[in-house]
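This report describes one protein chain for a reader who has not seen it before. It begins with the overall make-up and then turns to selected residues.

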Amino acid sequence: MNTLNSRPLTSLERLELAGVSLLIAICLGFPALRTIDLFSDNTEADASYAEGSILMQLMFGPAFLLAAWLVWRHSAWAAQIVRRVNPFLLLIVLWAAATVLWSPYPAVTVKRSIQLVGLMLVGITLTLPFVQDRHFIRVLCRTLTALLVASFIMVLVIPKIGVDPLREGGWRGILWHKNTLGGVACFAVLTWVNRLCNKDTDWRIGIPALLFTLLMLVMSRSSTALISAMTGIAIYLFARRRYLGGPNARLMAALALTIVGLGFLQIFFTVTGRLPTWNEIIRPLLLLLNKSPDLTGRTDLWEMVLLDVARHPVQGIGFGAFWLNVGSPSQYIIDAVNWIPLQAHNGYIDLLNELGGVGFGLFIAFLLWHTVTLFKVGHIDREQAAIHWAFFILILISNFSESQFFNGVLFQNCLLIFSSIALSALVARHQPASRPYPMPVPQT
């Protein structure tokens with residue numbers, strides 16, 4: 001946390017800080033809202049906002065303009081931040097924009113590239129001189145909790161809308177799907193655990209709030225979200241321990257993962273005399289989640305999308321130019337499965353298909369750079385590093401069955417971009433030899 005030269009905020013800074021809070025709430029809360037046919041049983045549009053809608057444009061257009069204005073107001077500061085963010089994040093944005101040259105839908109590619117730039121502008125506002133390091137987590141926590149409270153009220157007042165009878169009676173509230181509610185509750189639980197461990201909230205508020213978010217998590221009946229929440233809490237509690245911020249952090253983490261992986265591999269080989277297949281590796285987890293070994297048909301989608309990858313393995317088809325409903329390049333998949341998927345349910349494959357080997361290579365480099373940044377933050381602020389480690393690993397795991405990497409204004413995409421920029425700025429702020437800031441961040 002920044003503590004140097006604490007001073008009260010000016011009236012303008014308080015107004016700007018409120019603007020930053022609003023940007024966080026819009027980007028990480030609004031896309032989850034069931035904005036289409038809220039008062040009906042229709043949930044067919046679950047993923048339609050991924051390509052945008054009038055309502056989403058009316059919400060995010062002004063938000064991105066507000067972010068641009070805040071960045072322009074602090075342009076000297078922002079310029080120094082841009083020079084210190086993950087360089088591969090910038091390269092991915094540039095490459096995504098460059099794919100407009102061969103995209104079959106250049107207008108869509110331009111729009112999606114503008115979304116990435118807009119999200120980066122919002123991310124830069126999180127680092128402005130009047131914003132505390134922990135402000136992002138606080139606003140994220142309040143935003144997700146507000147969604148859960150509104151959903152709880154919806155369940156009580158209009159259960160026909162708030163409860164999904166077709167999906168085990170899981171609660172969905174005002175959100176798209178019970179799994180959406182489960183995902184929101186998962187990250188809300190994680191942020192409340194962080195705030196309680198940090199003493200960043202009064203326990204008389206934090207404990208009831210944590211219990212409420214746990215209730216919403218259970219009532220969503222999303223087994224994936226429940227397992228994710230337990231995994232995230234375990235990662236956070238492990239990463240906040242002091243030794244992970246020590247000089248041998250990377251070696252210890254790599255050694256622990258290697259020992260666990262080799263241990264399981266050795267046991268399997270000793271018992272069966274052969275190496276495990278993919279289905280055998282993932283079957284225990286899938287049984288725990290009550291899923292089929294083929295991920296409910298998702299592997300079929302993966303195989304079909306990989307056929308398109310083979311057509312343009314280097315440059316990709318074009319950013320955001322594949323999953324565009326009937327008549328789009330994904331038509332052959334629609335014909336094969338007899339329904340309209342809007343993603344491959346695998347963020348890695350979708351990214352490879354849209355950005356090709358070049359873009360995917362930049363993405364892997366981005367992840368590696370982010371990993372190194374997290375280790376650096378562990379030396380500076382162990383609590384910050386721990387919560388962002390949990391975010392990062394959950395996003396990496398989730399994208400094996402969902403496509404959210406650099407996918408518009410989807411929650412995990414926004415969270416990953418914001419986390420990357422905020423952590424890069426935090427590291428730069430604590431490097432005396434290259435500190436870019438003319439003044440320290442004030443306390444609020």
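## Overall make-up

The chain has 17 helices and 2 strands, where helices (H or I, at least four residues) and strands (E, at least two) are DSSP runs numbered from the N terminus. This is a predicted model, in which local features need pLDDT of at least 70 and side-chain atom pairs count only at pLDDT 80 or more, while totals for chains, interfaces and linings use all residues. Residues are numbered from 1 along each chain as its sequence is written, and side-chain values use heavy atoms, with hydrogens and water left out.

Of the 444 residues, 52% count as buried; buried means under 20% relative accessible area, exposed over 50%, and partly exposed in between (1.4 Å probe, protein chains only). The accessible surface of the chain is about 20100 Å², and carbon and sulfur atoms hold 69% of it. Such areas come from the Shrake-Rupley method with a 1.4 Å probe; for residues, only the protein chains shown count as cover. Among contacts with a separation of 6 or more, 75% join residues 24 or more positions apart, a contact being heavy atoms within 4.5 Å.

## Salt bridges

There are 9 salt bridges in the whole structure, each defined as a side-chain nitrogen of Lys or Arg within 4 Å of a carboxyl oxygen of Asp or Glu. Side chains of opposite charge can pair when their charged atoms come close. One of the bridges joins Asp164 and Arg172, at 3.5 Å from N to O. Asp164 is buried at 2% relative accessibility, and Arg172 is buried with a relative accessible area of 2%.

Another bridge pairs Arg240 with Glu383, with the closest N and O atoms 2.5 Å apart. This pair links distant parts of the chain, 143 residues apart: Arg240 is in the loop between helix 10 and helix 11 (249-272), and Glu383 is in helix 16 (residues 382-398). Arg240 is partly exposed at 24%, whereas Glu383 is buried at 14%. Elsewhere, shared partners join Arg138, Arg195 and Asp200 into one network of salt bridges.

## Aromatic pairs

The count of aromatic pairs is 20. Rings of Phe, Tyr and Trp (its six-membered ring) pair if their centres lie within 6.5 Å; planes under 30 degrees apart count as stacked, over 60 as edge-to-face and the rest as tilted. Phe60 and Phe64 make a tilted pair, 5.8 Å centre to centre with 55° between the planes. These two are separated by about one helical turn because they are 4 residues apart in helix 2, and both Phe60 and Phe64 are buried.

Phe363 and Phe366 form a stacked pair, with 6.4 Å between centres and 25° between planes. Both lie in helix 15 (residues 347-380), 3 residues apart, and both are buried. Phe363 and Phe366 also belong to one aromatic cluster with Tyr348, Phe360, Phe400, Phe405 and Phe406.

## A buried loop residue

Ser220 sits in the loop between helix 9 (203-219) and helix 10 (223-239). What is its relative accessible area? The value for Ser220 is 0%, so the residue counts as buried. A polar atom of the Ser220 side chain lies 2.7 Å from the backbone oxygen of Leu217. Leaving aside neighbours within four places in sequence, Ser220 contacts Gly170, Trp171, Lys178, Leu181 and Gly182.

How values were computed. Polar contact = N/O pair within 3.5 Å; in protein donor to acceptor, adjacent residues only side chain to side chain.
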